[in-house]
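User: Hi! I'm new to this one. Could you walk me through it?

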Amino acid sequence: MQVLDRQPIDAAAYQADYDKWIDGGRKTKDLPVLENYFTGPPVPPDPDEAGSSKDTFKSYPETVTRIIIQEFTPPTATIASIPDSGTKLPATYIHHCHLLEHEDDDLMRPWTIVGHGDHSGGGHDGGHGH
């Protein structure tokens, strides 16, 4: 993968509204929209990341990190006979870390995969799947 950019967010405000959403019954219409919490413009990748492929990347606090991955087609058909189990883009997944403290402290975070021309999740395209 390659780091596309990073963008600062008001993480405390987002977390507070996200917690309200959880406590309020997780109604789709009330889910906080991440873009509403940005506090500055996107920032290019660090010099040691620019233009190079990585298998890990730095994840700074109070920052959204956007990455570019090689294009792939996620499974869209029914999986293991489970209705509506196929993927529809944009698709949200949870990334993981091998530090148990991160899992215990709710530091497992979602990431969203978007396709060509999909400008949700920050308004970037650049001709790649994100």
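User: Where is Arg6 found?
Analyst: Arg6 sits in strand β1. Keep in mind as we go that this is a predicted model.

User: Is Arg6 buried or exposed?
Analyst: Arg6 has a relative accessibility of 5%, so it counts as buried.

User: Which residues does Arg6 touch, leaving out those up to four places away in sequence?
Analyst: The list includes Pro41, Pro42, Val43 and Pro45.

User: What does the side chain of Arg6 do with Lys58?
Analyst: A polar atom of the Arg6 side chain lies 2.9 Å from the backbone oxygen of Lys58.

User: And what about Arg6 and Glu49?
Analyst: Their side chains form a salt bridge, with 2.7 Å from N to O. Glu49 is in the loop between α1 and β2 while Arg6 is in strand β1, so this pair ties together parts that are 43 residues apart in sequence. Like Arg6, Glu49 is buried.

User: How many salt bridges are there?
Analyst: The count is six. One of them joins Asp5 and Arg66.

User: Nice, how far apart are the closest N and O atoms of Asp5 and Arg66?
Analyst: They are 2.7 Å apart. The pair links distant parts of the chain, with Asp5 in strand β1 and Arg66 in strand β2, 61 residues apart. Both Asp5 and Arg66 are buried.

User: What about Lys29, which residue does it form a salt bridge with?
Analyst: Its partner is Asp30, and the closest N and O atoms are 3.2 Å apart. Lys29 counts as exposed because its relative accessibility is 70%. Asp30 has a relative accessible area of 40%, so it is partly exposed.

User: Why edge-to-face?
Analyst: The planes are at 80°, and an angle over 60 degrees counts as edge-to-face.

User: Where do Tyr14 and Tyr37 lie?
Analyst: Tyr14 is in helix α1 (residues 11-23) and Tyr37 is in the loop between α1 and β2 (63-68), so the pair ties together parts that are 23 residues apart in sequence. Tyr14 is buried at 14% relative accessibility, and Tyr37 is buried with a relative accessible area of 13%.

User: Which residues do the ring pairs link into a cluster?
Analyst: The cluster is made of Tyr14, Tyr18, Trp21 and Tyr37.

User: Which elements have the lowest and highest mean pLDDT?
Analyst: Helix α2 (residues 100-104) has the lowest at 61, and strand β1 (residues 2-8) has the highest at 93. Over residues 120-130 the pLDDT is below 50, although that stretch has 30 contacts in the model beyond near neighbours in sequence.

User: How should I read a stretch like that?
Analyst: Where pLDDT is low, the predicted coordinates should not be read in detail.

Key:
Residues are numbered from 1 along each chain as its sequence is written. Side-chain values use heavy atoms; hydrogens and water are left out. Rings of Phe, Tyr and Trp (its six-membered ring) pair if their centres lie within 6.5 Å; planes under 30 degrees apart count as stacked, over 60 as edge-to-face and the rest as tilted. Helices (H or I, at least four residues) and strands (E, at least two) are DSSP runs, numbered from the N terminus. Buried means under 20% relative accessible area, exposed over 50%, partly exposed in between (1.4 Å probe, protein chains only). pLDDT is the predictor's confidence in each residue, from 0 to 100. Contact means heavy atoms within 4.5 Å. A salt bridge is a side-chain nitrogen of Lys or Arg within 4 Å of a carboxyl oxygen of Asp or Glu. A polar contact is a pair of N or O atoms within 3.5 Å; within protein, one must be able to donate a hydrogen and the other to accept it, and residues adjacent in sequence count only if both atoms are side-chain atoms.
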